[in-house]
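Take a look at the chain shown here.

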Amino acid sequence: MELSIEVGPGRIAHCSGALFLVDTCTLMIADAHLGYGFAQRRRGQLGPTTDGGILDRLQAVLDFFRPTETVFLGDTVHAPRPMAAEREFIESVLLSILEKSKIGIVQGNHDRAVERDFGHLPIVVTPSWRDGDLLGLHGDRLHLEIPDAKHYLLGHLHPAINLRDDAGVNRRVPAFLVSERATVLPAFSPFAAGLDVSRTSLPKEVKTILGRHEIYVATGRQVALLPSRPSRIGR
């Protein structure tokens, strides 16, 4: 059982859905959507305000890689103007990360007010992240002109794939899409169902950047290259 696997030079995919960049000791996390349950409650839905275990998963991957910086690749929070309990939860998550690494936030479409709501914390909010030939973008504005880079790190798409486990149950499993030119990260949020890339065509803008690619599934317990004709996954 592999907890992590190298998907490109210095790029390591983790079973949680996070990506580690060896050269800069940076942990990349896409689409965490912190505060999702609280935000849905504010909108009148009666679901639980649980975090779905996201804090435990964050702590586990931080302890696994021990990054010097954690970069959220867009949609760090789910909604602006958090209520008191929602703000307290999101701040507790960010503060727990800050005990172990710096935090950078690439602004996504859900993060339009993240700097206003959480700018009092020692976090850096930017429209993109770059280190040498690597460029990190949320991925919601690929239809516009984007900076040139050798390799792009993208979120927003929430890629996943439907597979059948050993018990015969169909599961939608988060997935990395990886090519020479780009890596699309799965959503780290436990509440993001994901776009089934085996049945739904990728957006044209993503196709253009990604090109021919491989799929790595991240079940939470293992990460593995998907065979050309997937049928089953281990528990």
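How many aromatic pairs does the structure hold? This is a predicted model, and the structure holds three aromatic pairs. Start with F20 and F65. Their ring centres are 4.5 Å apart and their planes meet at 15°, so this pair is stacked. The two partners come from distant parts of the chain. F20 sits in strand β3 (residues 19-21), F65 in helix α2 (residues 54-65), and 45 residues separate them. Both F20 and F65 are buried. Ring pairs also bring in F64, giving a cluster of F20, F64 and F65.

Now turn to Y36 and F191. Here the ring centres are 5.1 Å apart, with the planes at 15°, so this pair is stacked too. Y36 belongs to helix α1 (residues 36-42), while F191 lies in the loop between β13 (182-184) and β14 (195-196). The pair therefore ties together parts that are 155 residues apart in sequence. Y36 is partly exposed, at 25% relative accessible area. F191 is partly exposed as well, at 34%.

R57 lies over the face of F188, 4.1 Å from the ring centre. The charged end of R87 sits over the ring of F118, at 5.6 Å from its centre.

Finally, the cysteines. The count of disulfides is zero. C15 is in no disulfide, and the nearest cysteine sulfur, that of C25, is 18 Å away. C15 counts as buried, because its relative accessibility is 4%. C25 is partly exposed, with a relative accessible area of 21%.

Notes:
Residues numbered from 1 in each chain as written. Predicted model: local features only at pLDDT ≥ 70, side-chain atom pairs only at ≥ 80, totals over all residues. Heavy atoms only, no water. Disulfide = S-S within 2.5 Å. Buried < 20%, exposed > 50% of the residue type's maximum accessible area, 1.4 Å probe, protein only. Phe/Tyr/Trp six-rings, centres within 6.5 Å; stacked < 30°, edge-to-face > 60°. Helix = DSSP H or I, 4+ residues; strand = E, 2+ residues; numbered from the N terminus. Lys NZ or Arg CZ within 6 Å of the ring centre and 35° of its normal.
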